[in-house]
Amino acid sequence: MSIRKKLILSYTAMVAVPVILFGLTIALLGNLLIKDALPGAGSGGEASSHSFPFASIRELFMGRTELSSGLRFVAEHDPKLLSDPAFLASTEDELQQVEAGMIVIHNNQMTYASPGLSADTILAEVQGGGTRQKANHPGPPSGDEWETIDYSSPDGSTGKLVIVTDLEPVAGFFKRLFPTILLTLLAALAVTNGVLTYLVSRSIIRPLYALKEAAGYIREGDLDHAIHLRRQDEIGQLGAALEEMRVRLQGSLSAQLELEQGRKELLANISHDLKTPITAIQGCTECLRDGIADTEEKRQKYVQMIAGKTSEMNRMIEELQLYSTLDTGKLPFHWETVNLTAYMIQLVNELQPDPRFNGTEITFANSLSIETALIRADRQKLHRVLMNLADNSLQHMKSDPKRLQFLLDQEPDGVYLLQIRDNGEGIPAEALPRVFDRFFRAESSRSPGKGNSGLGLAIVKQIIEAHDGTVTAASRPGEGTTIQLRFPAVRQDKPDDEDGGQG
């Protein structure tokens, strides 16, 4: 749930919850206060069956109104009943149930008054023209109020019926209810807002503190503390982005450390490999300078040795420059559609008479008799790949007969598989996963005088990947090594790409 939705729900709850609590509190307190204010409300009468507290007050006033209407009817149509003791007794019972009473005045003489009334005081006010019933009292009603009904008897006498109602219980109820309502409302608002504010702020602040702590670790360079907020809101998204940044920084740092280590290895390897031919060249030049080579034959021998060591140094420097250019992505590729079958036949025909491969049996086998195997390639870069692999195989074939095989096949998914297989000394199992890593050389390949910089197979991998292909190695020590190159096939109707862009 998003923070926006949480805030909307919290604001809604801040309104709804206090209203609900306020209503429940009023219902409960109203019932309790009515039981204290209206003696008949909770004594098992009709009003006690209502759950809403103001029902008792409503029924109280309705009972008074009905009783007042009945007495008015009696006074107007049958005033003789007002002197009937039985009628007065039954009416008095009904008046007591609604907290009321009555006074009967006949010919200016009080003939009946309900028990408990200040009859003399009320009589004096009535005879003096007082009308408490019509007074306008602000706020809740208080004290006694009465209604005066004039009537005439058939014998010509006159009288007054005064219906007195006691409003003090109702007034006391409202006087206690209003402050309670205000306090209840304030308490409900305070509790609800406090609880919701705490919960919402806690759900926001706690993960922010976690993010702050994680950012502190990252600031100090400690990238090993993972960030797991397990949230789906905006803070969770921020945490996921920060975790992704941490992982990328960790990977970048690891790559940087690996690159730095590779550079150190490169310097060590280049220093080692350059020192050997330089030492040989230095020895040859000293021999020539000191006159040790006193015959033409010796001088030619030293000169040839110098030329050979110089060639080795030049090759190592070229490999270093080529790999650096490939690694920075600045080496241009000139793409065209190449018939791999014809290309391999031409390469094998080129290698067979090469003096470096004297005594080596070089063959090419087209396993599926593929007459046309079209790939998108840079001929020059592909030639560099195959020559690097051939030279690498030649360096590790120690025993006769030496065999170097090129096998072309096509896999079920249409990818062309070119294998370069030799019967050399093989690669140790622990070194096999790293043979294509930059600057890596197995101990068996650190033969002095070979000009091996540890970049040959790394260059192969870079060029093949630029061709959208893959390179893998399989080897068994003492049985030989197989390098597998895979190229995506090109449709025969696809035009050549001669744009010379970089792969």
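This is a predicted model: local features need pLDDT of at least 70, side-chain atom pairs count only at pLDDT 80 or more; totals for chains, interfaces and linings use all residues.
Residues are numbered from 1 along each chain as its sequence is written, and side-chain values use heavy atoms, without hydrogens and water. Local features need pLDDT of at least 70 and side-chain atom pairs count only at pLDDT 80 or more, whereas totals for chains, interfaces and linings use all residues.

In soluble globular proteins, nonpolar side chains tend to be buried together. A nonpolar core is here a set of buried Ala, Val, Leu, Ile, Met, Phe, Trp, Tyr and Cys residues joined through side-chain atoms within 4.5 Å, where buried means under 20% relative accessible area, exposed over 50% and partly exposed in between (1.4 Å probe, protein chains only). The largest such core has 59 residues, and Leu 386, Phe 406 and Leu 485 have the most contacts inside it. A second, separate core of 17 residues includes Leu 71, Leu 95, Met 102 and Leu 161.

Rings of Phe, Tyr and Trp (its six-membered ring) pair if their centres lie within 6.5 Å, and planes under 30 degrees apart count as stacked, over 60 as edge-to-face and the rest as tilted; by this rule there is 1 aromatic pair. The rings of Phe 333 and Trp 335 are stacked because their centres are 5.1 Å apart and their planes lie at 10°. Phe 333 is buried, with a relative accessible area of 3%, and Trp 335 is likewise buried, at 2%.
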